[in-house]
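Hi,

Here is the structure I promised to pass on. Have a look at it first, and then read my notes below.

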Amino acid sequence: IPRRDLSAFNVRHIQAFPDPEIAKLLEKVWSAARAFSGDKRERILKYKSLLGLDRIHSADLPNGRLVCQRTCLPCHKLNGEGGDVGPDLTGSNRDNLDYLLENILDPSAMIGRDFQLVTAITKDGRFIPGIIRERTSATVAIQTINERVILAAGDVK
């Protein structure tokens, strides 16, 4: 299964299997996923209790869209809108409150290998932080929060 086909939700479920071999394979293919601390688990439970169904159904959707545009879409795409640094949120499990709270309260707990931040250092001393989108023998394409930077492979330290 290509690692891009595994969502954070899938990885969390696979990670729950008490099998060290599965854990090793998962880390090799997808990435390491850290477990939630007791503090984070408590925060998730707190917000889950505050967000009952009646609250969710009476949510201010236009305000939620604005919050999403400011905080999520600079890096993530949703329905074709937004940045290209993080995973596309369109097909994610957004109707699952546990999934949402886990990813909002601890967004770095599950970062797939294809979305891990790197810093390319060039031979002329530039630092370019971003996500490696493509690597060939001739070039390295890095997606920063603002642009895609194509570097000659020989120029990268």
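A quick word on terms before the details: a residue is buried at under 20% relative accessible area, exposed at over 50%, and partly exposed in between, using a 1.4 Å probe and protein chains only. Keep in mind that this is a predicted model, where local features need pLDDT of at least 70, side-chain atom pairs count only at pLDDT 80 or more, and totals for chains, interfaces and linings use all residues. Residues are numbered from 1 along each chain as its sequence is written, and side-chain values use heavy atoms, leaving out hydrogens and water.

Now the overall picture. The protein chain has 6 helices and 6 strands (DSSP runs numbered from the N terminus, with H or I over at least four residues for helices and E over at least two for strands). Starting at the N terminus, their order is α-α-α-α-α-β-β-α-β-β-β-β.

Leu 50, which sits in helix H3, is partly exposed at 43% relative accessibility.

Then the salt bridges, meaning a side-chain nitrogen of Lys or Arg within 4 Å of a carboxyl oxygen of Asp or Glu. The count is 7. One of them pairs Lys 24 with Glu 21, with the closest N and O atoms 3.8 Å apart. These two are 3 residues apart in helix H2 (residues 20-29), so about one helical turn separates them.

Asp 84 is the one I'd look at next. Its salt bridge with Arg 133 has closest N and O atoms 3.9 Å apart. Asp 84 is in the loop between strand S2 (81-82) and helix H6 (97-105) while Arg 133 is in strand S4 (residues 127-135), so the pair ties together parts 49 residues apart in sequence. Arg 133 is buried, at 18% relative accessible area. Arg 148 also forms a salt bridge with Asp 84, at 3.1 Å between the closest N and O atoms. Through shared partners, Asp 84, Arg 133 and Arg 148 form one network.

Cheers
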